[in-house]
Amino acid sequence: MNHDFISQSISVVHPITLSHGKNAQVWDTAGKRYIDFVGGIGVLNLGHCHPGIVAAIQHQATRLTHYAFNAAGHEPYIELMRRLADFVPLSYPLSGMLTNSGAEAAENALKIVRGATGKSAIIAFDGGFHGRTLATLNLNGKVAPYKQRVGLLPGPVYHLPYPSVDTGVTSEQALQALERLFSVEIDVNEVAAVIFEPVQGEGGFLAMEPAFAQALRRLCDAHGILMIADEIQSGFGRTGQRFAFPRLGIEPDLLLMAKSIAGGMPLGAVVGRKALLDSLPKGGLGGTYSGNPMACAAALATLEAMTDANLATWGEQQETAIVSRYQRWQARNLSPYLGRLTGTGAMRGIELVDTKGAPAPAQLAQLLAAARDAGLLLMPSGKARHIIRLLAPLTIEPAVLEEGLDILERCLAQLT
Ligand SMILES: Cc1ncc(COP(=O)(O)O)c(C=O)c1O
């Protein structure tokens, strides 16, 4: 594979070239078939080439492929925002805007909270991931490789430990870190917003402690700090529900979406309290391609397919298959490297650790290669790249899911 004409700073996990895909399977240009537990990194919760999404894109392509919403409104954008307002389980009147990507949604959220509060400091979390643009880089709770050699990043941003049964950081410890932050680093009254993933994606499928989220909500309310939930990876059914924040017993002021919102078409969204979304001057938000009609049509077809009943059925099927399989592996001592099962609902990660419980990234790299050879694509995650994240489409056929888990089982058993 000659990649000389592509930047070598882009890392490609799997050195294969894909030709086509169908639901949870992809084929490379040599004709080899793979079961896909990567799903374009969480973009394909409805699988490759979902018939409803393909039909919607094809139909839209014959009507209007593009118009910049800053220049003139178009039906797919307006209809999508109307439908999204119903789909998002926030209790207050909301408004929103569309973007081209997740990072762009996060960038816009930063602009909105600055505009609304007149403040600029942000609190984010260790292990969090919000994108690769300059401002979002600073939000990420991981330096290498994202923040290396790019110089001064827009701030100020302060990071807290991420409280989760999966990290071992308790709610109390994270709250103590917050107290320390406000006594040592920054005045609580200068903080514009806190941004967090209800379940960290890149961080390793780690589920936030509900008690912490609720205490944080109270603190935000007391000090005029806005709460931004980044559900770019955890949303659109990944956990088996529309979004993951209701599990925490809180409502964010802004909610970020992207990835599985549009079955592979580039689209993101920021929705939240109407007054916040209106806080910047006219012309302060927008973009040439954001909310492109083809992407909006794909998102409308996505919402059509993601009924609560479908999400519950798919989520339960995937969660049961993964959790029961993992429990069997544990009972059988399948591998000395098998660590914890992380995450919640259908959003699950499998940790690989050495005999002392330390992260085992070398074994994970070995596993990725062996699984690929055997016809299964997997994706690493976690600050140490030692957690496999399972991102199979929610629509995966049960037999294909089992076949993928069989391959994973064999490869785990053979780890050295
Ligand atoms: C939680 C979260 N936020 C933001 C992003 C950035 O999204 P994008 O790659 O579409 O810019 C990602 C991407 O992995 C993500 O998982």
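Two strands pair if DSSP finds at least two bridges between them, and helices (H or I, at least four residues) and strands (E, at least two) are DSSP runs, numbered from the N terminus. The model is a predicted one, so to speak of local features takes a pLDDT of at least 70, side-chain atom pairs count only at pLDDT 80 or more, and totals for chains, interfaces and linings use all residues. Residues are numbered from 1 along each chain as its sequence is written, and side-chain values use heavy atoms, with hydrogens and water left out.

Take the sheet to begin with. Strands of a sheet pair through backbone hydrogen bonds, either parallel or antiparallel. Here, seven strands form an open sheet with mixed pairing, in the order β4-β12-β11-β10-β7-β5-β6. The edges belong to β4 and β6 (157-160), each with a single partner strand, so one side of each has no neighbour in the sheet. From one strand to the next, the twist averages 20 degrees; for such angles, axes are lines fitted to C-alpha atoms, for helices over the stretch in contact, and values run from 0 to 180 degrees between N-to-C directions.

At the β4 end, strand β4 (residues 94-99) runs antiparallel to strand β12 (residues 268-273), and six bridges join the two. Within this pair, M97 sits opposite V270 of β12, while L98 has A269 of β12 as its bridge partner. Five of the six residues of β4 are buried, so the strand is largely enclosed by the rest of the structure; buried means under 20% relative accessible area, exposed over 50%, and partly exposed in between (1.4 Å probe, protein chains only). β12 is mostly covered too, with five of its six residues buried.

Moving along, β12 also pairs with strand β11 (residues 254-257), in the antiparallel sense and over four bridges. L254 finds its bridge partner in G272 of β12. The pairing of β11 with strand β10 (residues 226-230) is parallel, with three bridges, and D230 stands opposite L256 of β11.

Two helices pack on this sheet. Helix α3 (residues 75-87) touches β4, β11 and β12, and its direction makes about 130 degrees with that of β4; contact here means heavy atoms within 4.5 Å. Helix α4 (residues 102-117) touches β4, β5 (121-125), β7 (191-196), β10, β11 and β12, with its direction at about 165 degrees to that of β11. G102 is part of α4, and at 14% relative accessibility this glycine counts as buried. Setting aside neighbours within four places in sequence, G102 is in contact with H130, I232 and A258. G102 and T136 lie 34 residues apart in sequence and 9.8 Å apart in space, C-alpha to C-alpha.

Then there is a helix pair. The axes of helix α10 (residues 308-331) and helix α12 (residues 398-413) come within 11 Å and cross at roughly 25 degrees. The two are therefore roughly parallel to each other, given that angles under 35 degrees count as roughly parallel, over 145 as roughly antiparallel, 65 to 115 as roughly perpendicular and the rest as oblique. On the α10 side, the residues making the contact include Q317, R325 and W329, and on the α12 side they include P398, E402 and L412.
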